[in-house]
Amino acid sequence: MVRLFASFLALVCLMPLAASAHGPTRQKVVETVEINAPADKVWAAIGDFQDMSWHPAIKKTEGTGGNDVGATRTLTLDGGGQIFEKLTKYNAEGKVLGYEITEVDVKVLPVTNYSATITVTPEGDKSTVEWKSAFYRGFVNNDPPPELSDEAAVKAITGVFQSGLAALKAKLEGG
């Protein structure tokens, strides 16, 4: 009985060490915006995987494969960095596209294993755009530097989504 209790006590004492050795957890960001425009008009602005000119941080989009699953694109940012992406889901009728980042320097965007979905939902003569993603921080081991932490990754993606959705809303409601 004493041996069993000692084993149990040792296990309980070691549990915090096992938890701290776990590594990063998958982070998620979801942002939505209501746009005073019909869903077809909104989809026309964002539904082409090969054109991300609606986002203010994107200087240029180049790609191959159109809107076919497996299509690729390279986003060149205003600051000169690049993000390489692949289309993983496309449904024009349902107004949904999914993509993943295949390559990015964590100095450009502090994330790894990133995937996202953009959905346009009709709300009468208005639309709701939802942009959601899941990813890991830029530093995959324990004790990340601040610029590659979970917080830095969430902040960066939240900023990308909020600025993109705000620009989309302004573009479509402005004329």
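**Exercises on strands, a helix face and a buried arginine**

V29 stands opposite S133 in strand β7, where strands are DSSP runs of E with at least two residues and helices are runs of H or I with at least four, both numbered from the N terminus. This is a predicted model, in which local features need pLDDT of at least 70 and side-chain atom pairs count only at pLDDT 80 or more, while totals for chains, interfaces and linings use all residues. Residues are numbered from 1 along each chain as its sequence is written, and side-chain values use heavy atoms, with hydrogens and water left out.

**Exercise 1.** Work out in which order the 7 strands form the open sheet, and which strands are at the edges.

*Solution.* Begin with the elements, which run α-β-α-β-β-β-β-β-β-α from the N terminus on. Next, collect the pairings, remembering that two strands pair if DSSP finds at least two bridges between them. Strand β1 (residues 27–35) and strand β7 (residues 126–137) pair in the antiparallel sense over 9 bridges. On β6 (residues 111–123), the pairing with β7 is also antiparallel and runs over 11 bridges, and I118 has W131 of β7 as its bridge partner. These two strands, β6 and β7, form a hairpin with 2 residues between them, and G124 in the turn has a positive phi of about 70°. Further along, β4 (residues 82–91) and β5 (residues 96–104) pair in the antiparallel sense over 8 bridges, with L87 opposite Y99 in β5. The edge strands are β1 and β2 (58–64), each of which pairs on one side only. From one strand to the next, the twist averages 20°, with axes fitted as lines to C-alpha atoms (for helices over the stretch in contact) and angles running from 0 to 180 degrees between N-to-C directions.

**Exercise 2.** Find which strands helix α2 touches where it packs on the sheet, and which residues of α2 are buried.

*Solution.* Helix α2 (residues 39–46) touches β1, β4, β5, β6 and β7 (contact means heavy atoms within 4.5 Å), and its direction makes about 150° with that of β6. Helix α3 (residues 150–173) also packs on the sheet, touching β1, β6 and β7, at about 15° to the direction of β1. A39, V42, W43, A45 and I46 are buried. Because they cover an arc of only 160° around the axis, they lie on the same side of α2, the arc being that of the directions from the helix axis to the C-beta atoms. D40 and A44, on the other side of α2, are exposed. The buried residues of α2 pack against α3 as well as β1, β4, β5, β6 and β7.

**Exercise 3.** Decide whether R73 is buried or exposed, and name what its side chain makes a polar contact with.

*Solution.* Locate R73 in strand β3 (residues 72–77). Its relative accessible area is 5%, so R73 is buried. The side chain of R73 then makes a polar contact with the side chain of E85 at 2.6 Å; such a contact is a pair of N or O atoms within 3.5 Å, where within protein one must be able to donate a hydrogen and the other to accept it, and residues adjacent in sequence count only if both atoms are side-chain atoms. The backbone oxygen of F49 lies 2.8 Å from a polar atom of the R73 side chain. Leaving out residues up to four places away in sequence, R73 touches a set of residues including M52, T61, I83 and Y99.

Technical notes. Buried < 20%, exposed > 50% of the residue type's maximum accessible area, 1.4 Å probe, protein only.
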